[in-house]
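Subject: Structure handover

Hello,

Here is the structure you asked about. Please open it alongside this email, and read on for what turned up.

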Amino acid sequence: MKIIKMVKKSGEVLAILLLLLLCWTAAFYITPWFFQAFPIHQLSSYKMQMIDTFFGFFLFGLIMYGFSKISFFQEKQSLFLRPMIEAMAKMAQGNFNIDLSFYKKEFGNRNHPFNEIAESITHMATELGEMEQMRQEFISNVSHEIQSPLTSITGFAHALKSDHLSDEERMQYLEIIEVESMRLSKLSDNLLKLTSLESDHPPFEPKSYRLDQQLRRVILSNEPQWRNKNLEMDVSLNKVTINADEELMDQVWINLLHNSIKFTPNNGKIGVEIIKNAADRITVTIKDTGIGMTKEVQMHIFERFYKADPSRNRSNGGSGLGLSIVKKIIEMHKGDIQVESSPNKGTELKVILPIDQ
Ligand SMILES: Nc1ncnc2c1ncn2[C@@H]1O[C@H](COP(=O)(O)OP(=O)(O)OP(=O)(O)O)[C@@H](O)[C@H]1O
Ligand SMILES: [Mg+2]
């Protein structure tokens, strides 16, 4: 393959040299005829030589220009541009599955500009393709999350029109409609939060405040939920000041606590603890004796819309966005979140945060 290319290239160089030779030869025979037809006296042989040379080059340029206008050569030029143009047209139509291996075959691994352009177009197409896939997955997840409560609401609203319902049944249907509407409202709330956190200018106003007081307040405001399930709350909070956005951190503790309450059966136990593990860092641990998670599940819990058990979540009203919001907020605070869990034993979520010195 390489040898054929080398032969082809040498042939091209040889053809150009031959053409130059022909042009100079032509110039050599034409100029004396020109001097005879229009006698110019007193020209030194040096000047005549110069005229010869210029005329030779002029002829060469003229022929090359003529070649470039011949469609065969124009086609050869556009042959190299066509795959790129076609790839761009495909991308403009939303198809990011492009193949520009033509340039690799043509120019090998050389640093040829065509190779570089083809590589960056392929890279761009891959990135755009991934973004498009994420967008489609997002839309399909949102539609799914909206569709199931809407189906329930429509179904039970329709059933309520019947005259043959007992008061008890009517109440039960209305409660389902209420729960499903709240689920929809929570979903839209979470989507808005996630969008605002992922925007170019997310809300972020850090200030110094007492973390232990914040955690105590969040635990107390959720007392009805954990009391309802008769959960024991074991709280050990050292006095700690952190520099963070208090409103965003509220969301973190609420989401983590809600998960522990949600995934812990009645009469279980939840523990919340602050540990100062280094001069510049603290760890907040939220521990429960709930259903736990397998290693496989733990790998996905921070992904948007991920739910280990969608059927269980249906009754709990989750949309799988809580932990992705938590992770985003912790990242904004330059912290880290880790999970330790075993099925049927419980879960421990550790939030590591930098603190004021
Ligand atoms: N403490 C926990 N114990 C057991 N499983 C958990 C716990 N916390 C999270 N999970 C698992 O991780 C999944 C994702 O949690 P996440 O908080 O993101 O969503 P969700 O609680 O299902 O819904 P949402 O938070 O949007 O209401 C949960 O569905 C559950 O399977
Ligand atoms: Mg949750």
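Where is the place of Thr264? Thr264 sits in the loop between α9 and β4 (269-278). Before going further, please note that this is a predicted model.

**Thr264**

Is Thr264 buried or exposed? Thr264 is buried, because its relative accessibility is 1% and the cut-off for buried is under 20%. Its side chain reaches the backbone oxygen of Ser260 at 2.5 Å. Thr264 also has contacts beyond its neighbours within four places in sequence. These partners are Lys229, Leu231, Lys269, Asp288, Thr289 and Gly290.

**Ligand 1**

Next, the ligand. Ligand 1 is surrounded by 21 residues. The closest of them are Lys186, Asn259, Lys262, Gly320 and Leu323.

Lys262 has a polar side-chain atom 2.8 Å from an oxygen atom of ligand 1. Leu323 places a backbone N or O atom 2.8 Å from an oxygen atom of the ligand. For Ser319, a polar backbone atom is 3.1 Å from an oxygen atom of ligand 1.

How much of ligand 1 does the protein cover? On its own, ligand 1 has 600 Å² of accessible area, and the protein covers 98% of that. Helices α6 (167-197), α9 and α12 (322-332) are the elements that give two or more residues to the shell.

Ser319 belongs to the loop between α11 (310-316) and α12. Ser319 counts as buried because its relative accessibility is 8%. Ser319 and Ile176 are 143 residues apart in sequence. Their C-alpha atoms are 17 Å apart in space.

**The nonpolar cores**

The largest nonpolar core has 48 residues. Which of them have the most contacts inside it? They are Ile242, Met249, Trp253, Leu256, Val272, Ile282 and Val284. Helix α9 (residues 246-262) gives the most to this core, with 7 residues.

Not counting residues up to four places away in sequence, Val284 touches Leu211, Leu215, Trp253, Glu273, Ile274, Leu349, Lys350 and Val351.

Most residues other than glycine have a negative phi. Two residues here are worth a look on that count.

Asn230 is not a glycine, yet its phi is positive, at about 55°. Asn230 lies in the loop between α8 (223-228) and β2 (232-236). With a relative accessible area of 52%, Asn230 is exposed.

Lys334 also has a positive phi, near 60°. Its place is the loop between α12 and β6 (336-342). Lys334 counts as exposed, because its relative accessibility is 72%.

Arg170 is in helix α6. At 27% relative accessibility, Arg170 counts as partly exposed. Leaving aside neighbours within four places in sequence, Arg170 is in contact with Leu160, Ser162, Asp163 and Leu165. The C-alpha atoms of Arg170 and Ala159 are separated by 8.8 Å, and the two residues are 11 apart along the chain.

Gly61 is in helix α2 (residues 45-69). Gly61 is partly exposed, at 36% relative accessibility. Gly61 and Leu20 are 41 residues apart along the chain. Their C-alpha atoms are separated by 9.5 Å.

Best wishes

Terms used. Residues numbered from 1 in each chain as written. Chains lettered and ligands numbered in written order. Predicted model: local features only at pLDDT ≥ 70, side-chain atom pairs only at ≥ 80, totals over all residues. Heavy atoms only, no water. Core = buried A, V, L, I, M, F, W, Y, C linked by side-chain atoms within 4.5 Å. Buried < 20%, exposed > 50% of the residue type's maximum accessible area, 1.4 Å probe, protein only. Helix = DSSP H or I, 4+ residues; strand = E, 2+ residues; numbered from the N terminus. Contact = heavy atoms within 4.5 Å. Near = heavy atom within 4 Å. Polar contact = N/O pair within 3.5 Å; in protein donor to acceptor, adjacent residues only side chain to side chain. Areas by Shrake-Rupley, 256 points an atom, 1.4 Å probe, with all protein chains shown as cover.
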